[in-house]
Amino acid sequence: MEIGATDDGLRRSLRRLILLRMVMVTTILAAARYVEVVAGSLLSIDALYFIVGVTYGLSIFHAALLRFWKRTTAAILLQILGDLIVVTALVFVAGGAAGGFVLLYPITVLEATVLLQRRGGVMASILAAAFHGAILFLVSSGVLPAQGLSDVRFATTKTLVYAVFLNALVCVTVALTGAYFTQSLKRAGTRLEEVAAEVADLREVNEMIVESIQSGLLTTDRARVIQHVNCHGELILGLSREKLRGMTITELFGVGALDLDLLGEMADGAKVVRFEIIYNHPDKKKMILGLSVSRLASVVEAGPIGCLVVFKDLTEIKRIEEQMKSKERLAALGEMAAQLAHEIRNPLGSISGAAQVLMNDSRVSGEEEQLLAIIRRESQRLSDTLTEFLIQARPAAMEMGVVDLGTIIEQAATLLKNGLPEGARHSIVFKKDAGPHLCRVNPAKMTQVFWNLARNGMEAMPKGGLLKVDMERAAEEIVLRVRDEGKGITREEKKPEFATFTTGSESGTGLGLAIVYRIVRDHQGDIAIRGIPGQGTEVEVRLPAARGGEAENRRAPEQLRS
């Protein structure tokens with residue numbers, strides 16, 4: 001018989017068998033005591049007590065043996081043999097050639113069948129028949145005293161053979177029937193274990209898939225109360241599963257964010273509802289979430305049992321979309337600038353040239369000469385505006401090299417500080433860390449970036465204030481921050497921040513930030529604006545730092561042309 005994989009199970013069965021034997025023996029003891037008290041003295045009662053005591057001792061012995069002996073099959077055979085001997089002793093003491101304790105033989109055979117399968121059951125049946133026949137014929141022949149089998153002395157051989165045969169037939173039938181049901185139960189148990197393992201594997205795979213999805217996923221019941229959320233959903237929402245469970249999706253995303261009528265309509269059908277909302281993150285930041293809501297159906301219950309909500313953080317995607325729109329506007333501006341240059345340049349030159357010719361005429365009076373000078377000056381101003389357009393549309397090729405950006409910005413900040421008019425209530429503070437602040441840029445363009453940002457910051461503080469300029473080295477980037485104490489900007493004002501002709505100043509042209517954006521992007525950098533209404537605005541410019549090989553080719557700013 002194969003033990004290996006089922007050894008632990010057999011040992012558990014043996015322990016239960018020992019416990020069952022103790023219960024049966026205790027029951028027999030109680031019955032014997034009852035007979036002794038009620039029916040008076042009984043010849044075999046002392047012998048019965050002896051057998052019960054021996055059985056208790058054997059049970060204790062088997063329990064100890066099972067603990068220290070590793071040969072499980074041998075321990076089973078030893079217990080079955082001991083049980084057959086005990087049953088035979090009970091038959092001998094209590095009597096009954098074909099009844100009474102003889103019925104314990106099939107029970108012992110059944111236990112052998114369960115533990116050792118059909119072969120063990122048949123072997124136990126043979127031993128049971130042999131023990132039963134031996135005790136009957138030994139008593140019948142006078143070898144053993146009659147004890148409880150006094151009627152055996154007067155029975156014919158045919159009667160005794162019939163009793164032994166009947167007992168053997170019952171034992172074999174019990175063995176074969178028990179083996180069949182044992183095998184059936186074993187196959188059913190094996191199949192049940194396989195199905196349970198498959199279900200566990202499927203559940204594990206399902207959990208792995210749900211937890212591996214790079215989107216937030218949550219489920220609700222019919223009342224829209226959240227029941228489950230995956231790990232990525234926790235990261236996006238900034239809340240743990242314990243806090244999310246029990247909340248409704250309306251409480252989580254806000255009443256105004258969800259169209260409850262639409263969700264109710266969705267729950268009654270099979271369609272998927274997709275929309276975007278503004279989510280207030282616990283870290284006090286606003287996020288744009290894309291939601292896909294569908295009904296959650298069950299294979300058991302009819303109709304939807306809740307909602308399945310899949311959501312994704314679209315904040316960065318929306319920011320990139322805004323950048324792309326800004327680039328499209330700048331591209332459109334380039335085309336317009338090219339057209340303006342084509343249409344205006346020649347007439348503008350003719351006007352300026354004609355004014356110069358007239359000014360050289362000796363017959364022109366002083367007043368006329370003054371008017372002609374105005375014409376020339378305004379023509380030049382218009383030419384400068386055209387130049388600004390051309391910078392946006394087609395920036396001229398510029399020479400770039402590795403320079404110390406910290407020194408360039410520090411010099412520009414010093415010039416700006418020294419150039420403030422008398423009585424100005426603005427103050428400028430420049431700070432930088434230990435660096436190095438080496439990056440590959442065009443110094444003139446970087447100075448232009450700083451001047452535009454500083455000018456915007458000072459214009460945002462018409463009544464005066466502090467303009468902070470910070471520079472630091474952050475990993476592989478050089479970070480420049482310009483912060484003012486002005487009125488700040490709202491979310492709506494941030495959207496067109498880099499759009500051309502967008503300005504928050506009455507005297508601004510609306511080209512400053514657009515020029516800054518173009519220059520920074522031409523240097524493979526990035527720019528972001530953060531502001532709180534009433535507390536000021538901070539513009540952050542990030543430029544890639546020079547690598548080791550590039551840093552060795554450091555050049556002075558004056559060696560590079562704009």
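Glu472, Glu477, Arg481, Arg530, Glu538, Glu540 and Arg542 are joined in a network of salt bridges, a salt bridge being a side-chain nitrogen of Lys or Arg within 4 Å of a carboxyl oxygen of Asp or Glu. The model is a predicted one, in which local features need pLDDT of at least 70 and side-chain atom pairs count only at pLDDT 80 or more, while totals for chains, interfaces and linings use all residues. Residues are numbered from 1 along each chain as its sequence is written, and side-chain values use heavy atoms, with hydrogens and water left out.

By the salt-bridge rule the count comes to 13. Three of these pairs are set out below.

| Salt bridge | N to O distance |
|---|---|
| Arg481 and Glu472 | 3.0 Å |
| Glu194 and Arg191 | 3.3 Å |
| Arg521 and Asp526 | 3.9 Å |

In the pair formed by Arg521 and Asp526, Arg521 is partly exposed at 29% and Asp526 is partly exposed at 26%. Glu194 is likewise partly exposed, with a relative accessible area of 40%, and Arg191 is partly exposed with 46%. Both Glu194 and Arg191 belong to helix H5 (residues 157-212), where they stand three residues apart, about one turn of the helix; helices (H or I, at least four residues) and strands (E, at least two) are DSSP runs, numbered from the N terminus.

An open sheet of five strands is arranged in the order S7-S9-S10-S12-S11 with mixed pairing, two strands being paired if DSSP finds at least two bridges between them. Its edge strands, each pairing on one side only, are S7 (426-432) and S11 (526-532), and the twist from one strand to the next averages 15 degrees. Within this sheet, S9 (residues 465-474) and S10 (residues 477-483) pair in the antiparallel sense over seven bridges, and Val469 has Val482 in S10 as its bridge partner.

Two helices lie across S7, S9, S10 and S12: helix H12 (residues 405-418) runs at about 165 degrees to S7, and helix H13 (residues 443-459) runs at about 145 degrees to S9. For these angles, axes are lines fitted to C-alpha atoms, for helices over the stretch in contact, and the angles run from 0 to 180 degrees between N-to-C directions, where contact means heavy atoms within 4.5 Å.

Technical notes:
Buried < 20%, exposed > 50% of the residue type's maximum accessible area, 1.4 Å probe, protein only.
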